[in-house]
Amino acid sequence: MADFFTSNSGVIVSMVLAAILGLSVYLPLMAGQLSLASPGFYALGGYTAAVLSTRVFPHEGGQIAFGYIVLEMLAAGVLSGILAIIVGIPALRLRGIYLALATIAFVEVLRVLSLNLTITGGAIGIFKIPQPFNSQHQLPYLLFAVPMLAIAMLFVARLERCRIGRAFTAIREDELAADAMGIQPTYHKVLAFTMGAILAGTVGAVSAHVLNTWNARQGTFDASIAFLAFVLIGGSRTFLGPVFGGLVLTMLPEVLRAVGNIGGLPKPVTTFLKDGRFIIFGLLLVIGTIFFPQGLITPELVGRLRGRTPPTPPAPTADPLPAAVR
Amino acid sequence: MTEFVQRFVNGLSIGSVYAIFALGYTLVFSILGIINFAHGAIFTCGAYFTYMLTGATFGANGIFAKTHLPIVLPLAVATIVGAILAGLLGVLIERLAFRPLRRRNSDRLLALVSSLGVATLLVNFIQYLVGAENYSYKTRLTGDLPIAVNLGSEASPIPIRTIQILIFAVAGVILIALTFLINFTKFGKALRAVAEDATTASLLGISTDRFIWLTFFLSGFLGGLAGTLVGSSVSIAGPYFGIAFGLKGLAVIVLGGLGDIPGAVVGGLVLGLAEAFVPADQSAFKDAVAFALLFIVLLIRPQGLLGRVQVQKV
Amino acid sequence: MSAMTETPHETLLHAQGMTRRFGGLIAVNNVSFEVQRGEIFGLIGPNGAGKTTLFNLMTGLIAPSGGTLTYAGANVTGLRPHNIARRGIARTFQNIRLFPNLSALENVMIAQHVHTRSGVWQGVLGLPPSPQEERRTRQKATEMLTLCGLANRANEKATNFAYGDQRRLEIARALALEPQVLLLDEPAAGMNPNEKGTLSSFIRDIRDRFDLTVLLIEHHVPLVMGLCDRVAVLNFGELIALGDPATVQRDPAVIEAYLGDAQ
């Protein structure tokens, strides 16, 4: 049994980290912002940790003290936050498609920069990133990942119920009406965006150690798609959605790969199972937008699972006019 | 001086490809108000279709490794057929991914997300089928014409590749044809009507669905054509080169103004020229030019160079 | 001689030369008027006369091409909507802009944003003033819902409400802003005669209870005439009449504006 966990430790840790990354996309989405910028901050966080641990902090024989990792996470968070504010203030005045495009552009610029600057190691990246744990497998990283996920989930859950969270939701529902009710849109959108960035950055910092190397392939377009899938398929209306999406969609390709390793299947099938994860993500996105626009984990589902019956729709009244909201 | 001319010509050439590509992008936006991210994937497919149609063999990876179609078409013909196939692919995508969203009156962002899904799906599917290798066409689109002509003199030669001239010419022809189509034909008028207000247009008896799929066909055709042109002029650098192009295409259409047809051409040429004039020692940053431009334009003038400000009805 | 005590007339809102152009079209053309504290001020005119555009200018949703707006002596021209709301001007919308997926209670609670100040950390960690503010917000919102007769459906999604109830919910939300000025954009649209009558007395009621000044865009002329202290008439973006209802009703320019269309 323990064998299963240790041999799959990489996947397990990735799953938990992915759940947090899902939340990093969920936060701006709470304020109605479809941001594809998380991978950029994730990459930045990873580079921060990689540079700090290979060049600044003392390390020996591939080992580095636990405490330095925490410092790196802090540094990553701060840097991500600052960059998010700088980029967010001008960018978040844009809406909808324009914002999505701006975030795509932002990630691409970061990617090209990281490919070409010496500090980031160019195309090769930074490798031999020291580890805080002396272990053959990755399970000890759960010491970081699980508390981070728990804290993030708690944070978002509480946020949704308080004044600022309500402001986010109002903006998402109708930015103009929220504005007219006294909520300043730009401030709150930047706030949500920054919170998501800090989360992504700190995950990046930990991931750099988990993966041992860090390069420009960490902050790519593919990553944008994956994170987006976590939220859009997992569920975009409740914080449980991206957590579910992150966990399941990271696990799914591994399960498929394991199935693909079962002997006796024709080659096209096994290749598909092993390498076709993005084909499946893409397909899920297409199907999801049509049939599950709110994702799989919806607030209604959560309510039902908790034993709350969904509110009954009103009986048709004599009012001939339809409910005309929007 | 020769370097300047060289760069200028290169800029125009790559700019022309950007323009052709962007025209397809902007056509769909002008009629449906959505960004079809799968355009980049269709671009890739066009290049691959053409490759297959010339009877060329695929490499060592992928399900169809080392196979080839039993057809051998001359490259010019294959280009056109490949573009047509790309157009049909566009129609298929519209039917399967976008039409259900339209029927459900979904938010436009969902269409963007869906198109991202289609793009990822297609590109990775190609990789699954034929691997990620680099391919080149066996023959040249310019046929028996010399590879390059000399615009300068014997002493200071300015070699211009004939394929670049061809691309520029093709772009010009397409622009003229499209402008004529959109502004001076009944078809174009109906297209503009649907773009302006689909509901009213359909009330007036215009078959909205038909115009939408026709637009997608046209858009896919242009995308596929651009793919083959790039494949001819450079090479097919694996399925992902369409994604990179797709991202740059976004920069182009935002630069020119979303939905603006001449804007797509202007944007394409501007980007091409901007990239061409990146100093040689910074060539690695060439790719960032598009996105930096995109970002700046979005911040300063989101409607682009030629677009008009959208007024939101409250 | 008995002296009649007159309530001092205080100009609360002063619009001067408000103008808005959209390209070649002039939607609002040099409109000036004053609104007195405590008034119920009506804004009428044929469709497309620019009434909602004027509201939008006054509440900061669009910027004026010219003119100024003064509120309680301060220049509020061109301020963003949230700043206008912060100063105590609340509004409803012609096309109803509720937050569709939020419950009625949540919709109304949003309006208390300007009266609370808990930030992220206070909210997430439950530190003061967040718990108190949450209580107060909820309480205030429930009060407004009760006032508008919607308290029993506080937890239902806004989009599930019937049209008339949605209008009432929007008013409840606007009231939760605790405004001094309330702008109502066609609050009676889609209501039957009974409901219109109730609405009329309701508006008077809240005006008295909350010391409000009310601006009202309305199409239903009898409602306006019975309810408003003064009425302004817009046509093609211009102010063509201003005065008490009876006078305005007889104004030939007004009659022509309304009937002229039917010709």
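**Reading the interface and the cores**

Guide: Let us begin with an interface. In this predicted model, chain C and chain A bury about 3500 Å² between them, and 62% of that area is on carbon and sulfur atoms. The share of chain C's buried area that comes from C:His82, C:His113 and C:Val124 is 17%, more than any other three residues supply.

Visitor: How many residues of chain C are in contact with chain A?

Guide: On the chain C side there are 46, and they meet 37 residues of chain A.

Visitor: How many salt bridges does the rule find across the interface of chain C and chain A?

Guide: The rule finds 3. The side chains of A:Asp174 and C:Arg97 form a salt bridge, with 2.9 Å from N to O. Polar contacts are counted separately: between chain C and chain A there are 9 residue pairs, both residues being at pLDDT 80 or more.

Visitor: Which helices of chain C each supply at least two residues of the side that touches chain A?

Guide: They are α2 (81–86), α3 (104–110), α4 (120–125), α5 (130–147) and α6 (163–176). Helix α4(C) gives the most to that side, with 5 residues. By class, the side of chain C that touches chain A has 22 nonpolar, 15 polar and 9 charged residues.

Visitor: What is the general idea behind a nonpolar core?

Guide: In soluble globular proteins, nonpolar side chains tend to be buried together. Here the largest nonpolar core has 187 residues, and those touching the most other members are A:Leu23, A:Leu159, A:Phe168, B:Ile35, B:Phe37 and B:Ile93. A second, separate core has 64 residues, including C:Ile40, C:Val108, C:Cys148 and C:Ile171.

Visitor: With which residues is B:Ile93 in contact, leaving aside its neighbours within four places in sequence?

Guide: B:Ile93 is in contact with B:Ala38, B:Ile42, B:Phe98, B:Val118 and B:Leu122.

Visitor: Where does A:Lys274 lie in chain A, and what does it touch?

Guide: A:Lys274 lies in helix α12, residues 267–275. Not counting residues up to four places away in sequence, A:Lys274 touches A:Arg257, A:Gly260 and A:Asn261. Between A:Lys274 and A:Pro147 there are 127 residues of separation in sequence and 31 Å in space, C-alpha to C-alpha.

Definitions and conventions:
Residues numbered from 1 in each chain as written. Chains lettered and ligands numbered in written order. Predicted model: local features only at pLDDT ≥ 70, side-chain atom pairs only at ≥ 80, totals over all residues. Heavy atoms only, no water. Core = buried A, V, L, I, M, F, W, Y, C linked by side-chain atoms within 4.5 Å. Buried < 20%, exposed > 50% of the residue type's maximum accessible area, 1.4 Å probe, protein only. Contact = heavy atoms within 4.5 Å. Buried area = accessible area lost by both parts, 1.4 Å probe. Salt bridge = Lys/Arg side-chain N within 4 Å of Asp/Glu carboxyl O. Polar contact = N/O pair within 3.5 Å; in protein donor to acceptor, adjacent residues only side chain to side chain. Helix = DSSP H or I, 4+ residues; strand = E, 2+ residues; numbered from the N terminus. Nonpolar A, V, L, I, M, F, W, Y, C, P; charged D, E, K, R; others polar.
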